[in-house]
Amino acid sequence: MYLCLTMTEKEFLSKPYKNKLAKAHVTWQSPSNIALVKYWGKYGEQLPKNTSISFTLSNCHTKTSLFYEPKTSTDFEFEVFLDGKREAGFEPKILKFFQRIENYISFLRDYNFRIETTNSFPHSSGIASSASGMSALALCLMEMEQQLNPSIASDYFNQKASFLARLGSGSACRSVEGPLIVWGKHAAIPGSSNLFGTKYPFEVHPNFDNYQDTILLVDKGEKQVSSTVGHDLMHEHPFAEERFAQANSNMEKLIPVLREGNLDAFIKIVESEALSLHAMMMTSMPYFILMKPNTLEIINRIWKYRNETGSKVCFTLDAGANVHVLYPENEKEDVKKFIENHLAHFCQNKQFICDVSGNGAQSVIDN
Ligand code: DP6
């Protein structure tokens, strides 16, 4: 906790390395996450306009191996492979990431890299791989840094990994640890920072243990508006300041809700956050709609089911048409039946992915 409060960007700057590593590789598996209070709007170098909080997931993850070999030329040299196939289309984003983090990871030009990555979820599922992908890569780089400087402590390791991941994709900083991660400085949350994600520091009621997230794949196509463009549209947005204040207030309201296990209050905050996020998209200029007719069908069925059964199931949305169905572990069997019988046919090829909150990224030993 003390570390979080005093940590500054300066402390993440690279220290001079005494040696070079021989040719080898490191591998990390990092999960996706689902925000309860949404990050939408940023400033400066990937800094959030409001605090967000997410459940780290388990099953939706990216596994990335970073192969490295010392070299003498001074350029960045790397190639990206997805599922064993070269993906030159990913490389400009990685180059931008390397340029952004160079001050913090100064060995980047000293090695030739081969980045091999694979997702546990289907490539064209509409599930963003940037959070899991950027955090997995950041963790691989941190493992190299730790080999160069074995005195790095585990708190620093995780914070710097989250800090680097944020520079790749904002929400990625919430994937390093779990199960509940806060990003963005908030007066009511000790240790919270705009620079990296931190573990939610307060008591959480067992109602939220192993919280279920079933992701309904409504639209697997490419998004017509990227998150980056959407964030940018918040700059001239007529409701921006109100939205940032609303998110920060929702964050604070969640504290007693999480402590007391108040699922009715939880549902109100989470669903309102999802709809507010999409309301921002619909009221920006240019305006856009990422929900599809089946997104709305599913939302209405969830509300009807809740009214009829007293279930505590609810929904949230990311920047896309897919619906995340959230529910407590003790409703697992019932809600699964409801999804199979009443929601699956609104999904493309009846596809959905069952996930659950989890504890974050893991190193993989795979000689
Ligand atoms: C709607 O993290 O994808 O999922 O920082 O530009 O990479 P960049 O954006 P990204 O934005 C995700 C926004 C969101 C809400 C959230 O996860 O908090």
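1. What is the volume of the largest cavity? In this predicted model, the largest cavity has a volume of about 100 Å³. With the threshold set at 30 Å³ or more, the count comes to one cavity. Its lining consists of 12 residues. Those that lie nearest the centre of the cavity are Asp-219, Gly-221, Lys-223, Gly-320 and Ala-321. By residue class, the lining of the largest cavity divides into three nonpolar, five polar and four charged residues.

2. On the overall fold, the secondary structure of the chain comes to nine helices and 14 strands. The radius of gyration is 20 Å, close to the 21 Å given by the globule rule for 367 residues, so the chain is as compact as a globular protein of that length. Along the principal axes, the C-alpha trace spans about 65 × 45 × 40 Å.

3. Among contacts between residues at least 6 apart in sequence, 77% join residues at least 24 apart.

4. Strand E4, residues 52-70, pairs with E1 in the antiparallel sense over 12 bridges. Within this pairing, Val-37 stands opposite Ile-53 of E4. E1 is also joined by two bridges to strand E14, residues 362-363, and these two strands likewise run antiparallel. In that case Trp-28 stands opposite Ser-363 of E14.

5. Trp-28 is found in strand E1. Is Trp-28 buried or exposed? Its relative accessibility is 10%, and the residue therefore counts as buried, the cut-off for that class being under 20%. Apart from neighbours within four places in sequence, Trp-28 is in contact with Thr-62, Lys-63, Thr-64, Ala-136, Leu-139, Cys-140, Glu-143, Phe-157, Ala-361, Gln-362, Ser-363 and Val-364. By contrast, His-205 is 177 residues from Trp-28 in sequence and 30 Å from Trp-28 in space, C-alpha to C-alpha.

6. Ser-32 lies in strand E1 as well. With a relative accessible area of 8%, Ser-32 is buried. Which residues does Ser-32 touch, not counting residues up to four places away in sequence? They are Thr-56, Leu-57, Cys-60, His-61, Ala-128, Ser-132 and Ser-175. Of these, Thr-56, Leu-57, Cys-60 and His-61 fall within the residue range of strand E4, 52-70.

7. Leaving aside neighbours within four places in sequence, Ser-284 is in contact with Leu-233 and His-237. Thr-316 is 32 residues from Ser-284 in sequence, and the two are 20 Å apart in space, C-alpha to C-alpha.

Definitions and conventions
Residues are numbered from 1 along each chain as its sequence is written. This is a predicted model: local features need pLDDT of at least 70, side-chain atom pairs count only at pLDDT 80 or more; totals for chains, interfaces and linings use all residues. Side-chain values use heavy atoms; hydrogens and water are left out. Two strands pair if DSSP finds at least two bridges between them. Helices (H or I, at least four residues) and strands (E, at least two) are DSSP runs, numbered from the N terminus. On a 1 Å grid over the protein atoms alone, a cavity is a set of points where a 1.4 Å probe fits but cannot get out, and a pocket is an open set with protein on both sides within 12 Å along at least five of seven lines; lining residues have an atom within 4 Å of a point. Grid points are joined across faces, edges and corners, and a volume is the space filled by probe spheres set on the points. Ala, Val, Leu, Ile, Met, Phe, Trp, Tyr, Cys and Pro count as nonpolar, Asp, Glu, Lys and Arg as charged, and the others, Gly among them, as polar. The radius of gyration is taken over C-alpha atoms; the globule rule is 2.2 Å times the number of residues to the power 0.38. Contact means heavy atoms within 4.5 Å. Buried means under 20% relative accessible area, exposed over 50%, partly exposed in between (1.4 Å probe, protein chains only).
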